[in-house]
Amino acid sequence: MGKKIVILNGSPRKKGNTSALVKAFTEGAENAGNTVRNFF
């Protein structure tokens, strides 16, 4: 059973390093069977 993960991105730049990190983490977590929800 996968986990439910919430990511809060508080960075002021929508295409910055934090967004790239969030995207990579989200892809990995979803591939592992988890549910991920992102908030900017």
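Visitor: Which residues does S11 touch, leaving out those up to four places away in sequence?

Guide: S11 touches T18 and F40, where contact means heavy atoms within 4.5 Å. This is a predicted model, in which local features need pLDDT of at least 70 and side-chain atom pairs count only at pLDDT 80 or more, while totals for chains, interfaces and linings use all residues. Residues are numbered from 1 along each chain as its sequence is written, and side-chain values use heavy atoms, with hydrogens and water left out.

Visitor: Thanks. Is S11 buried or exposed?

Guide: S11 counts as buried because its relative accessible area is 17%. The cut-offs are under 20% for buried and over 50% for exposed, with partly exposed in between (1.4 Å probe, protein chains only). S11 sits in the loop between β1 and α1; helices (H or I, at least four residues) and strands (E, at least two) are DSSP runs, numbered from the N terminus.

Visitor: What about K14, where is that?

Guide: K14 is also in the loop between β1 and α1. With 64% relative accessibility, K14 is exposed. K14 touches S19 and F40, again not counting residues up to four places away in sequence.

Visitor: On to the helix. Which residues of α1 are buried?

Guide: They are S19, V22, T26 and A29. Seen down the axis of α1, the buried residues fall within an arc of 95°, so they line one face of the helix. That arc is taken from the directions from the helix axis to the C-beta atoms.

Visitor: What do the buried residues of α1 pack against?

Guide: They pack against β1 and β2. On the other side of α1, N17, L21 and N31 are exposed.

Visitor: And how far does α1 reach?

Guide: α1 has 15 residues and spans 21 Å from its first C-alpha to its last, close to the expected 21 Å. The expected span is 1.5 Å times one less than the number of residues.

Visitor: What comes just after α1?

Guide: G33 is there, with a positive phi of about 95°. G33 belongs to the loop between α1 (17-31) and β2 (35-39), and is partly exposed because its relative accessible area is 45%. The C-alpha atoms of G33 and M1 are 7.6 Å apart, although the two are 32 residues apart along the chain.

Visitor: Switching to the surface: which residues form a nonpolar patch?

Guide: V6, L8 and F39 do, with about 320 Å² of accessible area together. Patches take residues with over 30% relative accessible area and no salt bridge, joining like charges within 9 Å and nonpolar side chains (Val, Leu, Ile, Met, Phe, Trp, Tyr) within 5 Å. A salt bridge is a side-chain nitrogen of Lys or Arg within 4 Å of a carboxyl oxygen of Asp or Glu. Accessible areas come from the Shrake-Rupley method with a 1.4 Å probe, and for residues only the protein chains shown count as cover. V6 lies in strand β1 (residues 4-8), and is exposed because its relative accessible area is 54%.

Visitor: Last one: in what order do the elements run from the N terminus?

Guide: The order is β-α-β, with 1 helix and 2 strands in the protein. Of its 40 residues, 22% count as buried.
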